[in-house]
Amino acid sequence: MAIEDLFKVVKDRSKADSKPRPEKQKKQAARIEIPQGLLFKCPRCGAVAYRDDFERNRSVCAACNYHARISYRERLDITADKDTFRELDAGLCSLNPINFPGYEQKIAELREKCGMNEACVTGVCKIHRYETVIGIMDSNFMMASMGSVVGEKITRAFEYATAHKLPVVLFTASGGARMQEGIISLMQMAKTSGAIARHSEAGQLYVTVMTDPTTGGVTASFASLGDIIIAEPKVLIGFAGRRVIQDTIKQQLPDDFQTAEFMLKNGFVDMIVERKSLRSTLSKIFRTHNYTRDGDYMGGAAQ
Ligand SMILES: [Zn+2]
């Protein structure tokens, strides 16, 4: 079925009825009926595509290259070699350290809805056969805000990578610190930064991939500490919000302020890589940094 067929106006079911119909009924007769979830409409350019096609294209709009936000599962599927992911610290769950009203219930609901215990999943996988520690933040879970568990998982992921001499790839996405955990949340900035420093001192590589949106305390700590910082096209990267900055400095900000492109121009991001090229780019970076692929051996590399 062609996509246009879905927009066919529903025919008036009572043609035999020759009486003029009231205005309301006419409107109902012209309603468009589209099965739910079948189509994706791009929020940037308005193009419509079959959802299956859109998802096969790694949730990137074929018309304007809009990179939609994706879940950690989707990210893992398109990044890691098949069946190589092994999760670390899967059981870690948030407590309610400052007794924030309703926090436990909110976490319980999100765990159910998102199928994950916290806003970040970490583990070990292979990318183009290079063994690596991977961390993925999922903005569906409380805007991937950085609470104690997110900070702890990232810290432990780096400690694991340091002990096993592995590189780390972190896909960042976050609204920033988690206000429901108050100062405990802010402490994660120092803790993660310490673990990253020890990983770096041990001579290991850390690649950040900034995805939409990377903001607040996450930008101000581990997201910005990558040896190589990659961003997906047009993602939002910032610390404070645009309006807050504008009102504070009383200056008009450029239109592309806080986009990946603006950050690249100003030296904050090293490269912008489209989702379809990420795996091969990471693989090249690992090779450049002398990591050995599974299956390679001294004297010749298997292809
Ligand atoms: Zn589009």
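## Helix α10

The face of α10 turned away from its buried side carries S280, K284 and T288, which are exposed. Helices (H or I, at least four residues) and strands (E, at least two) are DSSP runs, numbered from the N terminus.

This is a predicted model: local features need pLDDT of at least 70, side-chain atom pairs count only at pLDDT 80 or more, and totals for chains, interfaces and linings use all residues. Residues are numbered from 1 along each chain as its sequence is written.

α10 spans residues 278-288, and its buried residues include L278, L282, I285 and F286. These four cover an arc of only 100° around the axis, so they lie on the same side of α10. The arc is that of the directions from the helix axis to the C-beta atoms. The cover over the buried residues includes α3 (72-79), β4, β5, β6 (168-174), β7 and β8 (228-231). Contact here means C-beta atoms, placed from the backbone, within 7 Å. N290 follows α10 and has a positive phi, near 65°.

## The sheet

Seven strands form an open sheet in the order β3-β4-β5-β6-β7-β8-β9, with mixed pairing. β3 and β9 (271-272) stand at the edges with a single partner strand each, so one side of each has no neighbour in the sheet. Two strands pair if DSSP finds at least two bridges between them.

β3 and β4 are antiparallel, paired over three bridges. L88 has T122 of β4 as its bridge partner. α3 packs on the sheet and touches β4, β5 and β6; its direction makes about 160° with that of β5. Axes are lines fitted to C-alpha atoms, for helices over the stretch in contact, and angles run from 0 to 180 degrees between N-to-C directions.

## Strand β6

β5 and β6 run parallel, joined by four bridges. V133 stands opposite V168 in β6. How many of the residues of β6 are buried? Seven of its seven.

In a regular strand the side chains alternate between the two faces of the sheet. Both faces of β6 are covered. V168, L170, T172 and S174 are buried on one side, and V169, F171 and A173 on the other.

## Helices α5 and α6

The axes of α5 (residues 148-163) and α6 (residues 182-201) come within 9 Å and cross at roughly 10°. That makes α5 roughly parallel to α6. The cut-offs are under 35 degrees for roughly parallel, over 145 for roughly antiparallel and 65 to 115 for roughly perpendicular, with the rest oblique.

On the α5 side, the contact residues include V150, I154 and F158. On the α6 side, they include I184, Q188 and I196. The contact residues divide into seven nonpolar, eight polar and three charged. Ala, Val, Leu, Ile, Met, Phe, Trp, Tyr, Cys and Pro count as nonpolar, Asp, Glu, Lys and Arg as charged, and the others, Gly among them, as polar.

## Backbone exceptions

Most residues other than glycine have a negative phi, and most peptide bonds are trans. N99, not a glycine, has a positive phi of about 50°. N99 sits in the loop between β3 (86-88) and α4 (103-114). With 9 C-beta neighbours inside 10 Å, N99 counts as exposed.

R129 is also not a glycine, and its phi is positive, about 75°. R129 lies in the loop between β4 (120-127) and β5 (130-137). It is partly exposed, with 15 other C-beta atoms within 10 Å.

The peptide bond from D212 to P213 is cis, with omega near -15°. P213 belongs to strand β7 (residues 206-214).

Key:
Two residues are in contact if their C-beta atoms, placed from the backbone, lie within 7 Å. A residue is buried if 20 or more other C-beta atoms lie within 10 Å of its own, exposed if 12 or fewer, and partly exposed in between; C-beta atoms are placed from the backbone.
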